Every structure is written in C-alpha cells, then in structure tokens.
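Please open the model in a viewer and keep the selection tool at hand.

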Amino acid sequence: MPRDSSPTIQGFRVRAVRVPMTEPHQTASGVITESPLVLTDVITDTGISGHSIVFTYTAAALKPTAELIQNFETLVKGDVLAPAEVEQKLAKRFRLLGTQGLVGIALAAIDMALWDALARVHSMPLVRLLGGLEKPVRPYGAVGYDGVQGCAKAAEDWATRGFTGIKAKIGYPTVQEDVAVVRAMRKAAGDDMVIMVDYNQCLTPTEAVERLRILDDEGLTWVEEPTLAHDYAGHALVAREARTPIQCGENWWGTLDMQHAIEAQASDFVMPDVMKIGGVTGWLRAATLAHTKGIRVSNHLWPEISARLLCCTPTAHWLEYVDWWNPILAEPLRVEKGMAIVGDAIGTGVEWNEDVVRRFAA
Ligand SMILES: [Mg+2]
C-alpha cells in the first residue's frame, strides 16, 4: 500500500459506563457489584473505527481514566494507523511519568482500539491479521468466595454448562476451610473437573507454604497469587516448596514485570492481563517471552480479545471466561460444548450494543 494512502488516526470517542453484575462477585476483599468500564473508539480517516474496553476496578477511577485517554488524543492525531509504532512513540513520551497505573490503562485502551481498527481496515479478524487461525479455546468458569455450599452450587452450574475447568477464590480463615471448598466443588462437579484456586495475594509467603503443604494433596491444576503479586522472591519460595503449579500474571504491568517474575522463577504458569501487559502489542511480546521459556499462557478477564490472542499464542493454556461485560457487546464470546468459539468477526470481536451502552452511561 503506498504510504500516502495509509489510514491515519483522526480522533477518539471515549465513554464511561457502569455495567451492573448479573450476580455480585464475592472476593476475600469485598463484593464486586458492577464493572466500571471505559469504552474507546479510535476513529480513522477511512471512517472506520476500532473499539476497546478497559476496566478501572473502582468507579472512583472511571472519570479520570476516560479523561486521560481523551487527553492522549492530541499525541497521536494524524499518525499512521500502525499500533506497534504508536506504542513505541507513546512509551517514549511517558518514560518519565511511567507507564503503569492509569497511564498504562489509557495506553492499553489506545493500543487495543488501534489493533481493532487495523483489522477492520483490512476486513480481517484479528487472529488472521496476526498470522494465526481461529480455533476453539478451553475456558474455565469463575467461582466466587462463596463458602462450601455456594461454591459447590457454582461448580455444579459450570459443569452443567459443559465447562471442564473452574477456578475458585479461596483464602478462608483456615486452610481446612480452603480444602473443604475444593472437595465440595469436586464432589459437585465430578472427578474430571479441572480445579484451580486463587488466593488474590492474601497470604504471606510463609503462610502460603504452610497452606500449600496441605493443598498439595488436592490435585489442583494451579494456585494463583498466593502472596503479593510483585513479591517475586516470595512467590519463588512458594513455587519451590509446593508441588502444585503456581500461577501469576494478572498484576504485571508490561512485559518487564513478567520478565522479572520469570527470572525470579516466581510462577510456573503465566496469565497476563491484556490491559496491564500493554494491550495487543504487549500481549504479543508476553507470548513470545513465554514461548522462549516453554511456559503455558492463560489470560485474565477480557475473554473476547484474549481468546483471539490465545489462538496466536504458541503455549496457550486456559481461557479465563467471564460474562461480566456481555450486556454492552453486540456479539459476546460463545461457549459451546465446553469450548469458547472464536468466530470470524472482523477485528477483535468488540462491537457495541449501543442501546445498552447508552443505558449504562456514567
Ligand atoms: Mg486472579
């Protein structure tokens, strides 16, 4: 394509929404009842726009994040629609401020929307644009911090829906309660169900080693974030002492965090968060890094775009499936017979259900 006909970035449309959860999500540190999301459209001079979703965890960060993304528009307006090039330019621009926190979220919003726009301009699914092929991805369902009965019920529901894996939030006052939850889920969902657990960083490394000595006999596929996400030495201690694989990654900001964690041998598996790792551009680097070390890659949230990225990840493992943001999507990710179906929709699979977006406008 001649250079003078390359599509360019004309502007952003940024909207904030608060999407209520169908069922409140219980965690060890409180109940999540809604998703505060910023929806970004990057508009190109072709008239084609690319879309992205970022999640601010708390509504208090919603407006500042939306404003930050909008403020970044002037930095890329008129630039060629070339996501990796724009990523390098913005990374350089923010070297002094840093590219974590809200800045990192804003940069990821732009990156994901640019990749979506690029795929749409070429009328291609993201997977094809990246040189891959769509294939089914194995999803696991989320079980909240809901106690023995609640977790057993949720496990049974996922099994009924055909899911072959589930992950529960644990970190109850005693390890005996953690074990009771795991056993109740296994009983409810059957012996073939793959079970993972997530401590959401709530233990000290010493406590984690003590608990894992007991949990090691429960046949868990992984134990996630047993201690503070950025305590790589602590995670490495736990990983050395435990037989059950350790899973980390959702709180790594950029691939340098991931590289440091891998160098410290903090985690057996990795599960980058497409937002915190730096959008599609960051994910592709993370996938390469994991591939060079032979480490299995799962994702954190963002099932639509993550399922597509897992299709292009050589060491792809599990898809973390959640349906929290389905209401605002025209075509949410489908799960059939226990597998997530990556369709041939153009772009990253993010198309707005405008009526609902307007209804949940913040
Ligand atoms: Mg987690």
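**Stop 1: a loop residue, S123**

Select S123, which lies in the loop between α4 and α5 (126-129); helices (H or I, at least four residues) and strands (E, at least two) are DSSP runs, numbered from the N terminus. Residue numbers start from 1 along each chain as its sequence is written. The model is predicted: local features need pLDDT of at least 70, side-chain atom pairs count only at pLDDT 80 or more, and totals for chains, interfaces and linings use all residues.

The phi angle of S123 is near 50°, a positive value in a residue other than glycine. S123 counts as exposed because it has 11 C-beta neighbours inside 10 Å. A residue is called buried if 20 or more other C-beta atoms lie within 10 Å of its own, exposed if 12 or fewer, and partly exposed in between, with C-beta atoms placed from the backbone.

**Stop 2: the two domains**

Colour domain 1 (3-123) and domain 2 (129-350) separately, as given by the domain assignment of the protein; such bounds come from an automatic or database domain assignment. The C-alpha centres of domain 1 and domain 2 lie 24 Å apart. The contact takes 34 residues from domain 1 and 27 residues from domain 2, where two residues are in contact if their C-beta atoms, placed from the backbone, lie within 7 Å.

Which elements each supply at least two residues of the side of domain 1 that touches domain 2? They are β1, β2, β3, α3 (83-93) and α4. The largest share of this side, 11 residues, comes from α4. By class, the side of domain 1 that touches domain 2 has 17 nonpolar, 13 polar and 4 charged residues. Here Ala, Val, Leu, Ile, Met, Phe, Trp, Tyr, Cys and Pro count as nonpolar, Asp, Glu, Lys and Arg as charged, and the others, Gly among them, as polar.

**Stop 3: the antiparallel sheet**

Display β1, β2 and β3: these 3 strands form an open sheet in the order β1-β2-β3, with antiparallel pairing. Two strands pair if DSSP finds at least two bridges between them. β1 (9-27) and β3 (49-55) stand at the edges with a single partner strand each, so one side of each is left without a neighbour in the sheet. Neighbouring strands of this sheet are turned by 20° against each other on average, direction ignored; axes are lines fitted to C-alpha atoms, for helices over the stretch in contact, and angles run from 0 to 180 degrees between N-to-C directions.

Strand β2 (residues 30-44) and β3 pair in the antiparallel sense over 7 bridges, and V38 stands opposite V54 in β3.

Next, select Y57 in the loop between β3 and α1. Its phi is near 65°, a positive value in a residue other than glycine. Y57 counts as exposed, because it has 11 C-beta neighbours inside 10 Å.

**Stop 4: the parallel sheet**

Move to the open sheet of 7 strands, which has the order β9-β8-β7-β6-β5-β4-β10 and parallel pairing. At its edges stand β9 (269-270) and β10 (319-320), each with a single partner strand, so one side of each is left without a neighbour in the sheet. Strand β4 (residues 139-143) is joined to β10 by 2 bridges, and the bridge partner of Y140 in β10 is E320.

Select strand β6 (residues 194-198) next. Of its 5 residues, 4 are buried, so β6 is largely enclosed by the rest of the structure. Strand β5 (residues 165-169) pairs with β6 in the parallel sense over 5 bridges, and G165 has V194 as its bridge partner in β6. Together, β5, helix α7 (residues 175-189) and β6 make a right-handed β-α-β unit; a crossover is right-handed if, with the strands pointing away from the viewer, the path from the first strand over the helix to the second runs clockwise.

On to strand β7 (residues 222-224), which runs parallel to β6 and is joined to it by 3 bridges. M196 stands opposite W222 in β7. The chain crosses from β6 through helix α8 (residues 205-215) to β7, and this β-α-β crossover is right-handed.

**Stop 5: P272**

Finish at P272, in the loop between β9 and α11 (279-293). Is P272 buried or exposed? It counts as buried, because it has 31 C-beta neighbours inside 10 Å. Leaving aside residues up to four places away in sequence, P272 touches G249, W252, M258, I277, W283, A286, N299 and H300.
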